[in-house]
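Trainee: I am new to this structure. Please show me how to read its features, one at a time.

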Amino acid sequence: MSHAEPVKVEVGLGDRAYDILIGSGLLARSGEEIARRLPGTRAAIVTDENVAAAHLDTLKAGLQKGGIQSAVITLPAGEKTKSFAHLEEVVDGVLAAKLERRDVVIALGGGVIGDLAGFASGIVRRGMNFVQIPTSLLAQVDSSVGGKTGINSARGKNLVGVFHQPRLVLADTQVLDTLPIREFRAGYAELAKYGLIDRPAFFAWLEQNWGQVFAGGAARVEAIAEACRAKADVVARDEFETGDRALLNLGHTFGHALEAATQYDGARLVHGEGVAIGMALAHRFSARLNLASPDDADRVEAHLRAVGLPWRMADIPGDLPDAEALLGFITQDKKVSRGALTFILTRGIGQSFIAKDVPPSEVLAFLKVSHPR
Ligand SMILES: NC(=O)c1ccc[n+]([C@@H]2O[C@H](COP(=O)([O-])OP(=O)(O)OC[C@H]3O[C@@H](n4cnc5c(N)ncnc54)[C@H](O)[C@@H]3O)[C@@H](O)[C@H]2O)c1
């Protein structure tokens, strides 16, 4: 099958700058792209069982074509894999394959594999080369770019990790054809997020073209490329999240509270669905605080509904804890500074900002009117 040239987006981090290539059929040319940047390298591929079944052979053949030998470490799929035990397994596998510092760890998978393999590559031999080959939509538009890596602790998600930037990101849009539709939709929430943060024209484009993004082809490539441009911009401005990078948390404060309130039970709510509901709530909350027009909140809700994403708390199956308990999850997740909460709020579509002075009483009153009971 012939494929158009991939779109290239650069993450501008000086001597650690790297390319994100977005296009259909990139697994097949992975060896060529990696060998060009890392001549003479050998590789350890870290993947999960679902992704291995669908895409590992294509990747191995692609690497071989570029003269790259690879060892493979296959792990169970799912969030629980982001653990100390699996980190040890990956570290041990890389060392057993006798890889050196200049060799490369390749993450072939969604955000779970990317975060875990990235962390392992950041600590084995004090930091090895790392290449991200994201296979979920969420990973292609978000987690594979920016260098945040890590695992979960019994005390919470993503609490142990390092910043370790990849040398290359290969986002093969064709591999998304095997992604379950629910996971695709969840990733779409993060894609739409960039429009809502500061790219209103992109949000308007998605309102018109989302069907084609779901179908595949050029619109999918273009949407993922635009999301990567947005993420790359933020990361280049604020690599270590001391400022602007926090805007990427739009929808995440409410979303994380809902994930915690449903005990991270993916059958009820997956992360991107929590973000979708969280973005709708952030817009509705902003309207309630007279920061934005209710019409904008209507628009966000209508779009999420159109693509089949949940957009309100009532869309989550089963009972939710009451508004006070939900506020408890929010204050547990966030630092409370002098009695005020930090939220990403908005003045309208594409006009999000960091609000550091949100009174918990306002949040509680809003949760009471938004709650399904
Ligand atoms: N590092 C960051 O900046 C960052 C940002 C956002 C999220 N994350 C992390 O990302 C993780 C979530 O990522 P995710 O949603 O990709 O989850 P995931 O890695 O668990 O993938 C979701 C599911 O889809 C399957 N899958 C992935 N690609 C597939 C494909 N092409 N075909 C068939 N099945 C496929 C996986 O096996 C898994 O079952 C969380 O752990 C989150 O903390 C990290």
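Trainee: Which side chain places a polar atom 2.8 Å from an oxygen atom of the ligand?

Mentor: A polar contact is a pair of N or O atoms within 3.5 Å; within protein, one must be able to donate a hydrogen and the other to accept it, and residues adjacent in sequence count only if both atoms are side-chain atoms. Here a polar side-chain atom of Lys82 lies 2.8 Å from a ligand oxygen. Backbone atoms take part too: an N or O atom of Gly111 is 2.8 Å from a ligand oxygen, and a polar backbone atom of Val112 is 3.1 Å from one.

Trainee: How much of the ligand does the protein bury?

Mentor: Accessible areas come from the Shrake-Rupley method with a 1.4 Å probe; for residues, only the protein chains shown count as cover. Alone, the ligand exposes 860 Å², and the protein buries 88% of that.

Trainee: What should I know about the model itself?

Mentor: It is predicted: local features need pLDDT of at least 70, side-chain atom pairs count only at pLDDT 80 or more, and totals for chains, interfaces and linings use all residues. Residues are numbered from 1 along each chain as its sequence is written, and side-chain values use heavy atoms, with hydrogens and water left out.

Trainee: Is Gln165 buried or exposed?

Mentor: Buried means under 20% relative accessible area, exposed over 50%, partly exposed in between (1.4 Å probe, protein chains only). Gln165 is buried, at 9%. Its place is the loop between β8 and β9 (168-172). Strands such as these are DSSP runs (E, at least two residues), numbered from the N terminus.

Trainee: What does the side chain of Gln165 reach at 2.8 Å?

Mentor: The backbone oxygen of Gly146. A polar atom of the Gln165 side chain also lies 3.3 Å from the backbone nitrogen of Gly147. For contact, look for heavy atoms within 4.5 Å. Leaving out residues up to four places away in sequence, Gln165 touches several residues, including Leu13, Arg16 and Tyr18.

Trainee: Tyr18 is in β2. Which way do the residues of β2 point?

Mentor: In a regular strand the side chains alternate between the two faces of the sheet. In β2, Tyr18, Ile20 and Ile22 point one way, and Asp19, Leu21 and Gly23 the other. All are buried.

Trainee: Which strands pair with β2?

Mentor: Two strands pair if DSSP finds at least two bridges between them. β1 (residues 7-11) and β2 are antiparallel, over 5 bridges. Val11 stands opposite Tyr18 there. β2 and β9 are parallel, also over 5 bridges. In that pairing Ile20 has Val169 as its bridge partner.

Key
Helices (H or I, at least four residues) and strands (E, at least two) are DSSP runs, numbered from the N terminus.
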